[in-house]
2 protein chains.
Amino acid sequence: MEKFEVNILGCGSALPTIRHMATSQVINIREKLFMIDCGEGTQIQLRRSRLKFSRLNHIFISHLHGDHCFGLIGLISTFGMLERTADLHIYCHPELEKLLTPHIDFFCKGMPYKVIFHTFNPSEQTIIYDDRSVTVETIPLRHRLPTCGFIFREKPTQNHIKRDMIDFYHIPVCMINRIKNGEDYVTEEGTVIPNERLTTPSNPPRSYAYCSDTAYLPRITEQIKGIDLLFHEATFAKTEAARAKQTMHSTAEQAATIARDAQVKRLIIGHFSARYEDEAHLLQEAQSIFPETILAQENMNITL
Amino acid sequence: MEKFEVNILGCGSALPTIRHMATSQVINIREKLFMIDCGEGTQIQLRRSRLKFSRLNHIFISHLHGDHCFGLIGLISTFGMLERTADLHIYCHPELEKLLTPHIDFFCKGMPYKVIFHTFNPSEQTIIYDDRSVTVETIPLRHRLPTCGFIFREKPTQNHIKRDMIDFYHIPVCMINRIKNGEDYVTEEGTVIPNERLTTPSNPPRSYAYCSDTAYLPRITEQIKGIDLLFHEATFAKTEAARAKQTMHSTAEQAATIARDAQVKRLIIGHFSARYEDEAHLLQEAQSIFPETILAQENMNITL
């Protein structure tokens, strides 16, 4: 199966601690790397991950709190020193382009590559990226400033051909691609060989949804219905529900409720408050509602 | 003796590695903390150091390369979240104020404390900070953009009084402070008791000089003559002397030559190129010229 992997670079919240770095993740889809958020220290975590810098061409920023974007300028600057030549695409709120451009112009003068901003309105659900193998769509969230999540949806892959059947019916090579795409085969005598006899179905397309930062927001369950893996922030335990509401964050229980109601396959919780010495109680709280929950941690990777 | 301590938070160069963080140091003088440079990740290193955030009120920026200042916005933002109320003073090139102000305004809206910029021209030797116990003066350096080092000079402390002599001459309490400051005592009978009989000399004032980044610059030896501890960058080994010259950095040999010619007491070298797996050869190279050399490393602290 082709690679679809989520790498956690940082899963702390606003205040960095010795245990958790600021938010960043890298999604590896068929060896193309997509970064979500880029808190301070992301480039160091990226180096630690051994993911190839040169395969990262697209960065998606959920919102403009520092713990989700202060690492961008360092990453951009380092890419320049590493003699990168490929364009780097940043998908973000228009304000970030305004803020970052003077810094790029000053600190990264003469860089051998271009940073290209693709700005969007995080309050609208929209597809902001689309290539041969994946689409990325925004999930409008509710936080203290305009914020969205992202869904990475793999596109369907071709069916697998049954080599022995191809040989048996003497099917010419020029037909193979159409058969992989689902066509039946018609022999010279006019007999129709149904596609099911010639192929096995491809693996079902996989999907990953990232929801951080957000208040508890039941309406997102529609959009993320049946997702394979959901990352949902769980900044607080339910004992801090009032604080969660006030700061527009979620509790572990709320994250799990979203996962259950959206019937996702697995949940990973993160964006942990600096107040916790460890997050075992957050895990327990979430699992009591949605057993297929795991805790994010730095340098973890999860295969879909 | 009162505290005078240099804490190394990061001693790598432009490209961060897993072994070295970007440049930052904290000088602890009598429990007041002064930061020099603030590369990405400094706030995490500061947390790791267990130095008290609240005792840090002054930050000195040597020059505007990212590895010396990209950590500022994260640090400023975190101080805000920690409900700091004391002003934070940043001493830097005027351009940094221009660049940072829009970021502070956007990302740190409503912070409970003020950031106050004190801008200066790094090409002029000048005293940029002066309080009861210390002065900070700039050392104009030669690098790819305006850059300076800093000298922290402790002010002389009062002499120590000899308690038994004070009792012997029945010296009144109101005179003690003047005697500590070096005055002789005149008895009611008009006899002059020389200060040397009443006090022992205070500890000689200590001094620390920080020189990074810079090309080999012999003229600085005059200004740093006899300094107790010199930090000098040693980005490269002498085998990379051409590269050092081209990028306006120094070799370990050059750093040691400066230390020797300035007759400093001790040298610490840092700002190591990412190309080295370890820096033993840089140490060896420096020690062959100036034996009292040590290698900087993260989380090290050196007492003066």
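Author: Let us begin with a term that will be needed below: a polar contact is a pair of N or O atoms within 3.5 Å, and within protein one of the two must be able to donate a hydrogen and the other to accept it. The model under discussion is a predicted one.

Reader: With which side chain does the side chain of B:Glu279 make a polar contact?

Author: B:Glu279 is placed in the loop between strand 16 (266-270) and helix 10 (280-287) of chain B. Setting aside residues up to four places away in sequence, B:Glu279 touches B:Arg19, B:His20, B:Phe272 and B:Leu295. The polar contact of its side chain, at 3.0 Å, is with the side chain of B:His20.

Reader: Is B:Glu279 buried or exposed?

Author: A residue counts as buried under 20% relative accessible area and as exposed over 50%. The relative accessibility of B:Glu279 is 4%, so B:Glu279 counts as buried.

Reader: What distance separates the C-alpha atoms of B:Glu279 and B:Ile269?

Author: These two residues are 10 residues apart along the chain. Their C-alpha atoms are separated by 9.9 Å.

Reader: How many residues of strand 4 of chain B are buried?

Author: Strand 4 (residues 56-60) of chain B pairs with strand 3 (residues 32-38) of chain B in the parallel sense, over four bridges. Across this pairing, B:Ile36 stands opposite B:Phe60. Strand 4 of chain B is mostly covered, and the number of its five residues that are buried is four.

Reader: Let us turn to chain A. What is the average twist from one strand to the next in the sheet with the order 6-5-4-3-2-1-18?

Author: This is an open sheet of seven strands with mixed pairing. Strand 6 (115-119) and strand 18 (301-303) of chain A each have a single partner strand, so they stand at its edges. From one strand to the next, the twist averages 20°.

Reader: Which strands of chain A does helix 1 touch?

Author: Within this part of chain A, strand 3 (residues 32-38) and strand 4 (residues 56-60) run parallel and are joined by four bridges. Helix 1 (residues 42-49) of chain A packs on the sheet, and its direction makes about 130° with that of strand 1 of chain A. The strands touched by helix 1 are strand 1 (4-10), strand 2 (24-29), strand 3 and strand 4 of chain A.

Reader: With which side chain does the side chain of A:His143 make a polar contact?

Author: A:His143 lies in the loop between strand 8 (134-140) and strand 9 (148-154) of chain A. With a relative accessible area of 8%, A:His143 is buried. Its contacts beyond four places in sequence include A:His63, A:Asp213 and A:His249. The polar contact of its side chain, at 3.4 Å, is with the side chain of A:His65.

Reader: How far apart do the C-alpha centres of the two domains of chain A lie?

Author: Chain A is divided into domain 1 (4-156 + 205-303) and domain 2 (160-200). The C-alpha centres of these domains lie apart by 43 Å.

Reader: Which residue of chain A comes closest to the rotation axis?

Author: A rotation of 180° with 0.0 Å of shift along its axis superposes chain A on chain B, with an RMSD of 0.1 Å. That is the relation of a two-fold axis. At 2.8 Å, by its C-alpha, the residue of chain A closest to the rotation axis is A:Gly41.

Methods. Residues are numbered from 1 along each chain as its sequence is written. Chains are lettered from A and ligands numbered from 1 in the order in which they are written. This is a predicted model: local features need pLDDT of at least 70, side-chain atom pairs count only at pLDDT 80 or more; totals for chains, interfaces and linings use all residues. Side-chain values use heavy atoms; hydrogens and water are left out. Domain bounds come from an automatic or database domain assignment. Copies are superposed by least squares on the C-alpha atoms of residues with pLDDT of at least 70 in both. Helices (H or I, at least four residues) and strands (E, at least two) are DSSP runs, numbered from the N terminus. Buried means under 20% relative accessible area, exposed over 50%, partly exposed in between (1.4 Å probe, protein chains only). Contact means heavy atoms within 4.5 Å. Two strands pair if DSSP finds at least two bridges between them. Axes are lines fitted to C-alpha atoms, for helices over the stretch in contact, and angles run from 0 to 180 degrees between N-to-C directions.
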